[in-house]
Amino acid sequence: MTKRELNFEGTSPLLYLVATPIGNLSEMTPRAIEVLKEMDYLSAEDSRNSGQLMAHFGINKPFISCHEHNEEEASSKIVSLLLSGKKVAYMSDAGYPTCSDPGERLVANCLEHGIKVSCLSGPNAALNALAASGLDSSHFYFQGFLSPKDKARKDELEELASRKETIIFYESPHRISKTINAMYEVLGNRRAVIARELTKSHEEFIRGTLEELAAIEEDTLRGEMVVVVEGCKTIQKEYSDEEILKMLQVEIKSGTSSKDAIRKISTDLDLPKKRVYAISLLLK
């Protein structure tokens, strides 16, 4: 029979996961501050950033660094502390632990050792962006960060192309242009929103089609970003290479440049641009 024990009753140790502000420090909840003050140790992805946050709220506790590259080792130390009766909480730099942030292996390690886990809710960039995007929020799929490698990124997007739910991505400023262009090429010209600098003084929502967003100057896109993209709305008709080739011939004979013809047919038929381009090479 499954062992049951209420999180805040019984004798099993408990790890707290604490969501922290994604921008505006006033988003830190009173309960989160209260719990953090009660801890013997705090753990975080970057103890420097989290240390500054704790200093802002007058909290001074020993820190344990637990990030992508040392999570296995750090989680073993945290488990030992919890099993010895110490109180420990784990924080992300900004947002939710385990949600495109470290913490998943720590949680798994705790559960394997009979340690309960509780999450203190707080700001979430994905949900903030979705709620204000104007896109369908009844069903959504959270992808987080795509691969930084071009081929892997396109492969991931092709797997997502048929999803009907609104899709939520995270992206950094130095990759945003490549990512939006890859989305346009693979997903077609869907409606999308770039939400950047959420809850900060320069918060901005940029709404348009993927083609329009791809045309934005990259140096005007600063800060961490969430990209919310419309899901697949129709059952895509299958077009043969011969059909696409004939459409290209018609467009080009009418005076449209090869480049514009490829873009138009890719958008009109909601097809990956690379497929239309490959077929266009048969015209040469």
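In what follows, a residue is called buried when its relative accessible area is under 20%, exposed when it is over 50%, and partly exposed in between, as found with a 1.4 Å probe on protein chains only. The model is predicted, so local features need pLDDT of at least 70 and side-chain atom pairs count only at pLDDT 80 or more, whereas totals for chains, interfaces and linings use all residues. Residues are numbered from 1 along each chain as its sequence is written, and side-chain values use heavy atoms, with hydrogens and water left out.

The charged contacts come first. A salt bridge here is a side-chain nitrogen of Lys or Arg within 4 Å of a carboxyl oxygen of Asp or Glu, and the structure holds 16 of these salt bridges. One of them joins Glu71 to Arg105, with the closest N and O atoms 3.6 Å apart. Because Glu71 belongs to helix H3 (residues 71-83) and Arg105 to helix H4 (residues 104-112), this pair ties together parts that are 34 residues apart in sequence; helices (H or I, at least four residues) and strands (E, at least two) are DSSP runs, numbered from the N terminus. Glu71 is buried at 3% relative accessibility, while Arg105 is partly exposed at 37%.

Another salt bridge brings together the side chains of Arg191 and Glu230, at 3.1 Å from N to O. It links distant parts of the chain, since Arg191 lies in strand S8 (residues 191-196) and Glu230 in the loop between S10 and helix H9 (241-253), 39 residues apart. Arg191 counts as partly exposed at 43%, and Glu230 as buried at 14%. Arg163 and Glu165 also form a salt bridge, their closest N and O atoms being 3.1 Å apart; Arg163 is partly exposed, with a relative accessible area of 27%, and Glu165 is partly exposed, with 23%. Elsewhere, Glu211, Asp260 and Arg263 are linked in a network of salt bridges.

The aromatic rings give a second set of contacts. Rings of Phe, Tyr and Trp (its six-membered ring) pair if their centres lie within 6.5 Å, and planes under 30 degrees apart count as stacked, over 60 as edge-to-face and the rest as tilted. The whole structure has three aromatic pairs. Phe8 and Tyr16 form a stacked pair, 6.4 Å centre to centre with 20° between the planes; Phe8 is exposed at 53% relative accessibility, but Tyr16 is buried at 13%. As Phe145 lies in strand S6 (residues 140-145) and Tyr170 in strand S7, the pair ties together parts that are 25 residues apart in sequence.

What of the cysteines? With a disulfide defined as a pair of cysteine sulfur atoms within 2.5 Å, the count comes to zero. The sulfur of Cys66 is 9.4 Å from the closest cysteine sulfur, in Cys110, which is too far for a bond. Cys66 is buried at 0% relative accessibility.
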